[in-house]
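Work through these exercises with the structure open. Try each task before you read its solution.

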Amino acid sequence: MGVKLFTFLGTNDYKETEYFFGDESSTKSYKSRFTQEAIVKTLEIPELEVIVFTTEEAYQKNWIPKDEGLKSKLENANVKCKNIMIPQGKTNEEIWQIFNLVYENIEENDEIYVDITHSLRSIPVVFMSVLNHAKITKGCHIKRILYGAYEAKEEDNRSPIFDLILFDKITDWSFGVDQLISTGESEKFCSAAEETLKPLKSQTQGKDELVSLTEKCAKKIKEFYTDLKLAQGKPIQKNGVELKNLLDEIKELNKDERLEIKPFYDILEKIENQVDFFEENNLVENILGCAKLCVKFGMYQQAYTFLLENIINYICLEAGLDWNKLKDRENVAKVIGLKNLAVRKEKNYEKGQESGDKETSDKETELQNLKDKLGFITEDIAKYYDKLGQYRNTLNHAGFRENPLSKKKVLDEINSFISEFEKLFLEKEILEEGEKEHVL
């Protein structure tokens, strides 16, 4: 692991100018023909090693000339530096040689500063491709991407150095959001968001409401998708609503579409599309939406768990029970079990068989009052709950059961269970508005 400045040196006759940072990240400035020297002098990065890539012609003209070459300037500044010879990049083979030469000089977990001021032809594209590849394979970190804009010099011969790191962060956000919306994995997205927002927050001293709101939103995204991964019904009901509200606030606050951060809000819209089903007082449909998201992400165990528990949610709300109370939820599950038992007893009676289950009869007596209250539980609901529970248990017990369901059956049937849930619980308007108090 090291701290490195990767830079390219060309063959131009560079003119002296006073370089300064356009983003005010450093109050210092420095006169030089070379942006590399100005960067080293103004940023004063501890233990920095400068790696300069040159063609043979650039090496002769701008690297080795005594006192006037970049090598002498860096050595006089007591900066560790080395030159790497590269081809001109005029063929595909030479372009791949450049790719490999840059990659070979990146070590595990390097912190890399990039100067692209004198990069020519395809080199900037190749260079950024190498860095993106190395971020994944070697865990390197891109700290800054610098460009000395000599062509934008002011009347007093002062030229700004721009930091283009935000554009690299957009790439990280894009990769992260692609992973997020296709798999539900939030870690990469949230990490990229944190790194991106850090300099924006610093520039505004934490007083920019839009940046602060976006930072809060990134944290809420992580909470929501973690809840989804762990099938946490109670917190996801709360976090889903809050995430949707935060995204709405950001959209409202960002009406002017500030150019420097607009791409990030385009990305957040993709996430908004995944949580737009959430409503404050709509527990059953919210959890159903979570089950559908889990199916999209291949989280089948979580999908079955959300669906099964959502039947309890529905019955609690219909009966005026508190879906938050464990005792109410357990009693509802018992009544559903008794309903299924009664159906089996009736079928056994028709066949001339007797159950003789005294313990269950005692339970029936104990729960008779609740059974009367939950009389709306149909045979179809009870059978659906029982069947769904078998599928959920196959997953929750890791297949360590007698005659577990096949993997293919578990994967293939989930969408049928979702369709059946909608028919049983959503197509009937049992929960009329204002008729019952939903405990949320």
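**Exercise 1.** Compare the reach of helix α9 (residues 233-253) with its expected span.

*Solution.* Step 1: α9 has 21 residues. Helices here are DSSP runs of H or I, at least four residues, and strands are runs of E, at least two, numbered from the N terminus. Step 2: the expected span is 1.5 Å times one less than the number of residues, and for α9 that is 30 Å. Step 3: from first C-alpha to last, α9 reaches 30 Å, close to the expected value.

This is a predicted model: local features need pLDDT of at least 70, side-chain atom pairs count only at pLDDT 80 or more, and totals for chains, interfaces and linings use all residues. Residues are numbered from 1 along each chain as its sequence is written, and side-chain values use heavy atoms, leaving out hydrogens and water.

**Exercise 2.** Find the salt-bridge partner of Glu242 and explain how the two are placed.

*Solution.* Step 1: a salt bridge needs a side-chain nitrogen of Lys or Arg within 4 Å of a carboxyl oxygen of Asp or Glu.

**Exercise 3.** Is Lys4 buried or exposed?

*Solution.* Step 1: buried means under 20% relative accessible area, exposed over 50%, partly exposed in between (1.4 Å probe, protein chains only). Step 2: Lys4 has 4% relative accessibility, so Lys4 is buried. Step 3: its salt-bridge partner Glu107 (3.9 Å, N to O) has 44%, so Glu107 is partly exposed.
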